[in-house]
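Thanks for coming, everyone. Let me put the model up, and then we will walk through it together.

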Amino acid sequence: MHKHVQVMHLCKTPVFTLVGYSVIGFAMYYFTYDPWIGKLLYLEDFYVMREYRGFGIGSEILKTLSDTAVKNRCSSMHFIVAESNKASIDFYKRRGASDLSLQEGWRLFRIDKENLLKMSAEE
Ligand SMILES: CC(C)(COP(=O)(O)OP(=O)(O)OC[C@H]1O[C@@H](n2cnc3c(N)ncnc32)[C@H](O)[C@@H]1OP(=O)(O)O)[C@@H](O)C(=O)NCCC(=O)NCCS
């Protein structure tokens, strides 16, 4: 990574990457728990500005996240990637990620506000 690129935690959970005083990338994460595998680091969002991609900044952010996960006794890091985002899928796979949808058949679900309200209003 370029010498004047800095990966830092500006507040508790996001990791920001700076060049001088400019933010050029970030990762947003939180800790969560799974009854079978224990504490996890959940990577909610991860982004490096287009013109700074391919210089190892994303890898450096992942290293910081891995370090944070290990220091906080997490057993793994979870995240979702759109099937169409092949470049990112390959990026993660080259760093040891396994595809749980393929291997274990997991699918992502959502209950929207309308249905939450409906259930919440039920007697
Ligand atoms: C995924 C992402 C964060 C990676 O960041 P990055 O700083 O480019 O990461 P790196 O430079 O460490 O590695 C990128 C890899 O792509 C290759 N690459 C080369 N040129 C590239 C370019 N212009 N753009 C992206 N990747 C490039 C690198 O060689 C490297 O290959 P490697 O896996 O063999 O090391 C970044 O591409 C991104 O923000 N993508 C859009 C948002 C996104 O899809 N986020 C993930 C959603 S879950």
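Which residues are exposed on the other side of α1? They are Asp67, Val70 and Lys71. Keep them in mind, and remember that this is a predicted model.

Now the opposite face. In α1, the buried residues are Ile57, Gly58, Ile61, Leu62 and Leu65. These five cover an arc of only 140 degrees around the axis, so they sit on the same side of α1.

A quick check on the helix itself. α1 runs over residues 57-71, which makes 15 residues. At 1.5 Å a residue, α1 should span 21 Å. The end C-alpha atoms of α1 are 21 Å apart, so the two agree.

Asparagine 72 lies in the loop between α1 and β5, the strand at 76-78. Is asparagine 72 buried or exposed? It has 11 C-beta neighbours inside 10 Å, and a residue with 12 or fewer is exposed, so asparagine 72 counts as exposed. Look also at lysine 39. Asparagine 72 and lysine 39 are 33 residues apart in sequence, yet their C-alpha atoms are 8.6 Å apart in space. Arginine 73 also follows α1, and its phi is positive, near 60 degrees.

Now the ligand. How many residues surround it? The number is 16, and the closest are Arg53, Gly54, Ile57, Gly58 and Ser59. Which elements supply at least two residues each to the shell? They are β4 at 38-48, α1, and α2 at 86-93. By class, the shell holds 8 nonpolar, 6 polar and 2 charged residues.

Let us step back to the whole chain. The protein has 4 helices and 5 strands. Along the sequence, the pattern reads β-β-β-β-α-β-α-α-α. There are 123 residues, and 13% of them count as buried. Take the contacts with a separation of 6 or more: residues 24 or more positions apart account for 46% of them.

One last item, from a record. UniProt, in an unreviewed entry, places a "transmembrane region" at residues 15-33. What does the model have there? Over residues 15-33, the chain is 0% helix and 89% strand. The end C-alpha atoms of that stretch are 21 Å apart.

That is the tour. Questions are welcome.

Notes:
Residues are numbered from 1 along each chain as its sequence is written. This is a predicted model: local features need pLDDT of at least 70, side-chain atom pairs count only at pLDDT 80 or more; totals for chains, interfaces and linings use all residues. The expected span of a helix is 1.5 Å times one less than its number of residues. A residue is buried if 20 or more other C-beta atoms lie within 10 Å of its own, exposed if 12 or fewer, and partly exposed in between; C-beta atoms are placed from the backbone. The arc is that of the directions from the helix axis to the C-beta atoms. Two residues are in contact if their C-beta atoms, placed from the backbone, lie within 7 Å. UniProt positions are given in the numbering used here, feature names are shortened, and annotations may be inferred rather than shown by experiment. A residue is near a molecule or strand if its C-beta atom, placed from the backbone, lies within 6 Å of it. Ala, Val, Leu, Ile, Met, Phe, Trp, Tyr, Cys and Pro count as nonpolar, Asp, Glu, Lys and Arg as charged, and the others, Gly among them, as polar.
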